[in-house]
Amino acid sequence: AVLSDLRKRMKVLGIDGDLFDKAFQAVDRDNSDCIDSKELRLLLTGLGAGTLTEAQITNLVHLVDEDQDGVISKLELAKAVLGPGEYIVLHRAEIEASALSIAKASHPALHQ
């Protein structure tokens, strides 16, 4: 119920992939593209999710952490709270950025 309520709230507030990405970067203090439960609380509060109990945060981490590594990646959370459409947009942008980075590293002429 917490996850579905969160999805609805994100939709009502008009939170899209771009805003989500910026908010995630703001709380991801070590730039690892992963957040822990404390950073998750900051992120969701900042996005207008309201006050979540410790039990709700723990439940969200359990539900969203697909690889069960104890932290939530940006893509895991985007897929869970934004829904498939925004997740795909966010994921595509990251893939394009990675591809460009690889291309520039492989072809010095692209640096210009």
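Asp33 is partly exposed, with a relative accessible area of 38%. In this predicted model, Asp33 lies in the loop that connects α2 (17–27) to β1 (34–35). The backbone at Asp33 shows a positive phi of about 65°, although Asp33 is not a glycine. Most residues other than glycine have a negative phi. Asp33 is classed as partly exposed because its relative accessible area of 38% falls between the cut-offs of 20% for buried and 50% for exposed.

A positive phi is also found at Gln68, another residue other than glycine, with a value near 50°. Gln68 is placed in the loop between α4 (54–64) and β2 (72–73). The relative accessibility of Gln68 is 49%, so Gln68 counts as partly exposed; the class of exposed residues begins over 50%.

Read from the N terminus, the order of elements is α-α-β-α-α-β-α-α.

For the protein as a whole, 34% of the 112 residues count as buried. The accessible surface amounts to about 6900 Å², and carbon and sulfur atoms contribute 57% of this area. Among contacts in the protein with a separation of 6 or more, 52% are between residues 24 or more positions apart.

Terms used
Residues numbered from 1 in each chain as written. Predicted model: local features only at pLDDT ≥ 70, side-chain atom pairs only at ≥ 80, totals over all residues. Heavy atoms only, no water. Helix = DSSP H or I, 4+ residues; strand = E, 2+ residues; numbered from the N terminus. Buried < 20%, exposed > 50% of the residue type's maximum accessible area, 1.4 Å probe, protein only. Contact = heavy atoms within 4.5 Å. Areas by Shrake-Rupley, 256 points an atom, 1.4 Å probe, with all protein chains shown as cover.
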